[in-house]
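Dear colleague,

I am passing on a structure that I would like you to look over before we discuss it. The coordinates come first, and my notes on what was found in them follow.

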Amino acid sequence: MPTISASIVVFKPDVGLLGNVLNRLHTAALRAGCARLDVTLIDNSPIPVITTAPHVDRPLSMRLIHRPDNPGYGAGHNLAIGQTSTDFHLILNPDALLEADALVQALNFMAAHPDVGMISPAVFAPDGKQQYLCKRYPTVFDLIARGFFPTRLKQFFRARLDRYEMHDCINPRDIVFDPPIVSGCCMFCRTVHLLHCHGFDERFFLYFEDFDLSLRFTECGRLAYVPSMRIIHHGGYAARKGWRHIRYFAASAFRFYVKHGFKLL
C-alpha cells in the first residue's frame, strides 16, 4: 500500500475553496487505498488565515506551518518536501480540485511506468474547458503574448500560442511522454526523484519555479502527461492579479532565462 505526502502553499487563501481542495484530496486518498497521506499546509500570509489544521488519523494527517516572512511559493513547498519519507509526493495548489479517482490513476500509471518520475494531470476549468498547462520551451514573445495581450490581439498569434501550449499533443485521451514543461498547480512525483532534484529553486519567489523544476527533473526521471488523472483548476494569469504579480512574473522570467538560456522569437 503506497504512502503519499502532499504540500499546499497558501497566501491569504479562499478558505472555502481550500476546504473543498482538502476534502477532494481526502476522498482521492481513500479511493486509492493509501496506507498514509501526510498533508502539509504552508501559510505564507502575514497574519495566519488558517488557525486550525484538521486532523484525521488515516489516511489523512495534517500539519500547519505559518511563515509570516513569506519565503515564496517554491520555498514553502520545500519545507514539506525536505521532511517527507513517503513513496510519492503531491505538489498541489490551493485552487486545484482532484477528481475522486485521480490518485488511483496516478498510482496505476506509476506502477506501470517505473521510468516516469513526475505526472502532470489533465486540467480543466470550472466550466469544463480543458486548460493547456504543459508547454514547450517559451520564447520571450510567447510569454508576453500569452500573459498580457488582449484577447482580440491574441487571435493574430493563435497558431503560435497553441503550439507553445502543445495543443497538437495535449487532449483528454492520449498520454504524452516527456513534455518539456509542466505546471506546478499539480505535480505527482516519486519522492526519491524530487529529493534528488532538491525540490524547487528557492531563488524563484513566485512564477517559473515549475518551469525550472520541469527542466531539471529530467536528470533523474521522465515526465508524463496522464489524462486519466484529472483536476479542476480555478487559477488565472498574472496580468489579472495586479501590478505586484506582474513584477514577480517579470523578475522570475528574467531569472529563468539567465539560468536556462534566452529565446526571443
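**Notes on the model**

In helix α4, the residues Asp142, Leu143, Ala145, Arg146 and Gly147 are buried, where buried means under 20% relative accessible area, exposed over 50% and partly exposed in between (1.4 Å probe, protein chains only). Helices (H or I, at least four residues) and strands (E, at least two) are DSSP runs, numbered from the N terminus. The cover over these buried residues of α4 includes α5 (151-154), α6 and α9, with contact taken as heavy atoms within 4.5 Å.

Please keep in mind that this is a predicted model, in which local features need pLDDT of at least 70 and side-chain atom pairs count only at pLDDT 80 or more, while totals for chains, interfaces and linings use all residues. Residues are numbered from 1 along each chain as its sequence is written, and side-chain values use heavy atoms, with hydrogens and water left out.

**Salt bridges**

A search of the whole structure finds twelve salt bridges, each defined as a side-chain nitrogen of Lys or Arg within 4 Å of a carboxyl oxygen of Asp or Glu.

Another salt bridge links arginine 222 with aspartate 115, their closest N and O atoms being 3.0 Å apart. Because arginine 222 belongs to strand β10 (residues 222-233) and aspartate 115 to the loop between α3 (102-112) and β6 (116-124), the parts tied together here are 107 residues apart in sequence. Arginine 222 is partly exposed at 30% relative accessibility, and aspartate 115 is partly exposed at 36%.

The axes of α8 (residues 209-217) and α9 (residues 243-260) come within 10 Å and cross at roughly 20°, the axes being lines fitted to C-alpha atoms over the stretch in contact, with angles from 0 to 180 degrees between N-to-C directions. The two helices α8 and α9 are therefore roughly parallel to each other, a term that applies to angles under 35 degrees. Where they meet, Phe211, Asp212, Leu215 and Arg216 of α8 touch Phe256, Lys259 and His260 of α9.

**Two buried polar contacts**

Histidine 89, in strand β4 (residues 88-92), is buried with a relative accessible area of 1%. Its side chain makes a polar contact with the side chain of serine 5 at 2.7 Å, where a polar contact is a pair of N or O atoms within 3.5 Å, and within protein one must be able to donate a hydrogen and the other to accept it, residues adjacent in sequence counting only if both atoms are side-chain atoms.

Aspartate 95 sits in the loop between β4 and β5 (96-98) and is buried at 16%. The side chain of aspartate 95 makes a polar contact with the side chain of histidine 233 at 3.4 Å.

How values were computed
Parallel < 35°, antiparallel > 145°, perpendicular 65-115°, else oblique.
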